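Please look through the sequence and the model shown below before reading on. The paragraphs after it are meant to be read with both in view.

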Amino acid sequence: MPIRLHNSLTRSLQELQPLVPGHVTMYHCGPTVYSSPHIGNFRSFLFADVLRRFVEDQGLRTTQVMNVTDVGHLTLDDVEGGEDKMEAASRKTGMTAWDIAKKYEAEFHDCQRKLHFRLPHHMPRATEFVPQMGRIIDDLLQKGVAYQTNGNVYFEVAKFAEYGKLSGKVLDELESGARVAVNEEKKDPRDFALWKVDPKHQMQWDAPFRGGVRGFPGWHIECSAMSMHYLGPQIDIHTGGEDNMFPHHECEIAQTEAHTHKQFVSIWMHARHLLVDGKKMSKSVGNFFTVEDVLAKGYSGLELRYTLIRVQYRQSLNFTLAGLDEARAAIGRVQQCRQKLVRVRDGLDRAGPDDMAAATSSANERFTAVLSDDLNVSEALAVVFDFVGACNKAAASVVGAKAALAAFARFEDVLGCFGGEPKADVTSDAPAELLALLPLRKAAKQAKDFATADRIRDQVAAAGWKIVDTASGARLEKA
RNA sequence: GGUCCCGUAGCCGAGUGGUUAGGCAACGGAUUGCAAAUCCGUUUACCCCAGUUCGAUUCUGGGCGGGACCUCCA
């Protein structure tokens, strides 16, 4: 089934047709590592993760690149007075810019693990691609689409006729809407920096292009350089948050296409921002949650992942703590169902006659169809829960349980938000002293000594476990 | 001001020109010594006003409300 995705460039659905058949190249604008990653960052990155998983599920190979921005991203892009985010963080904390980058990049990777990412194939750092950026800058200068003033190099937007094709921004709007000081160095307010000179900047390189002055690279050029290095001049999919559309991606298109004279990206995809309690989450307002904030409240990475992917990426997602509780319950419903199937498959519970063939193939087909329609995760989850209902009603045979579990494994492989296959019985993990209580309770119940039976149950509960009574006897589960 | 998106039952959130989304919560039932867990069932919504139509929540126009980007931020 063809995968159709919404292309921001054309504002329409477009079939994914890889430039190299069977192999999809994806580039994701990754984190600027100047502070702890927050849940909004991860909405965007998780969307890309689910996209990659689904593409692979459909039998395509992927190569996925996510950059780490550790230099050049200014607090006010390309504007007089804009400060590099790394430098700003350094000034506030007293750490060097290099140490800041190291610290937060490590935190980012830690969050990726906690949120069950399938890691990108490459996660290059901007600071390690300065020579490659230099080659592009050099070419743009030679072509006359970039110019140098006081050592600073700017891309001349007027030389790229298609500037604005992604974001729809036109010159007049940008000029009239400008709320920032005009940079007199630039020929045009839209021109953006490829290279900056600032003796105070901690991160410095000799100019990697002819006739340049020691300095540091601008923000946008890194993505062009790293994308081209790993994926070639043309790629299939490029993603980012909606705020990246302008100026970042607009500038990437301009400098890359001016350099290669080829269409840079086939499909641009942008994730909508999330809201917190119905309001915009932003650093300046301070109403934001880092991933650690959420985990510190006792929620699991899986629960957070579920919460962040459950709404289709082009809809704004309203993040609430209540939503995390819902996620917990919803995941539990799926895992409970899978556990029952495991018990049938492993012979611990009695099998029925149903081979589950119709329900399983129907669920698989629907799952594929809804995700092929611009990655509609909301509907995909509905398919999963419909399947849970079908499994709960059916009396699965051993073969049926195997088939259903295979379907769940596939859903998990794509969404990654339910967890692995549950154990048939977690009683064996329970402390021996608690396990020893089960026969005592059974005896008490048989003797109609319910006071003792209930006391044992309370005792087990106090230890963080719960007694689950079933037809085949009681077992313990983690509360 | 410019560009764009959205407004669905208690909450979150799909989708559709006429037929049950799904999850959470609530309630009823099954089960249980009582519970827990689980299962079954119930709760019939689509901002307002016009228009198109045999019929609109779904299309068109207007209004109201919320949000996003243009500025920190994915």
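Predicted model: local features only at pLDDT ≥ 70, side-chain atom pairs only at ≥ 80, totals over all residues.

In it, 51 residues surround RNA strand B, and the closest are T75, K85, G241, K280 and E379. Of the atoms of RNA strand B that come within 4 Å of the protein, 58% belong to sugar and phosphate. Sorted by class, the surface near RNA strand B holds twelve nonpolar, 19 polar and 20 charged residues.

Several elements contribute to that surface. At least two residues each come from α1 (39-57), α5 (171-176), β9 (235-241), α10 (321-345), α12 (377-393) and α16 (450-462). The largest share, eight residues, is supplied by α12.

G241 takes part through its backbone: a backbone N or O atom lies 2.3 Å from a sugar or linking oxygen.

Strand β9 is also the place of D236. This residue is buried yet has no salt bridge, and the nearest side chain of opposite charge, R61, is 10 Å away. What does the side chain of D236 reach? It reaches the backbone nitrogen of L19, at 2.9 Å. Apart from neighbours within four places in sequence, D236 is in contact with L16, Q17, P18, L19, H23, V24, T25, V265, S266 and I267.

Leaving aside neighbours within four places in sequence, E222 is in contact with Y27, N67, T69, V71, A126 and M133.

Salt bridges do occur elsewhere: a search of the whole structure finds 31 of them. In one, the side chains of R214 and D206 meet, with 3.1 Å from N to O. Are these two partners buried or exposed? R214 counts as partly exposed because its relative accessibility is 44%, and D206 counts as exposed because its relative accessibility is 55%.

Another salt bridge joins R345 and D346, whose closest N and O atoms are 2.9 Å apart. R345 has a relative accessible area of 26% and is therefore partly exposed. D346, with 41%, is partly exposed too.

The salt bridge between D454 and R457 has its closest N and O atoms 3.6 Å apart. Where do these residues lie? Both are in helix α16, three residues apart, about one turn of the helix. An α-helix has 3.6 residues a turn, so residues three or four places apart point the same way. D454 is partly exposed at 34% relative accessibility, and R457 is partly exposed with a relative accessible area of 39%. Elsewhere, R52, E56, R118 and D413 are joined into one network by salt bridges that share partners.

The last stop is helix α7 (residues 245-260), which is mostly covered, with 13 of its 16 residues buried. Just after α7 comes H261, which takes a positive phi of about 60 degrees.

Methods: Residues numbered from 1 in each chain as written. Chains lettered and ligands numbered in written order. Heavy atoms only, no water. Buried < 20%, exposed > 50% of the residue type's maximum accessible area, 1.4 Å probe, protein only. Helix = DSSP H or I, 4+ residues; strand = E, 2+ residues; numbered from the N terminus. Near = heavy atom within 4 Å. Polar contact = N/O pair within 3.5 Å; in protein donor to acceptor, adjacent residues only side chain to side chain. Nonpolar A, V, L, I, M, F, W, Y, C, P; charged D, E, K, R; others polar. Lys, Arg positive; Asp, Glu negative; His and termini not counted. Salt bridge = Lys/Arg side-chain N within 4 Å of Asp/Glu carboxyl O. Contact = heavy atoms within 4.5 Å.
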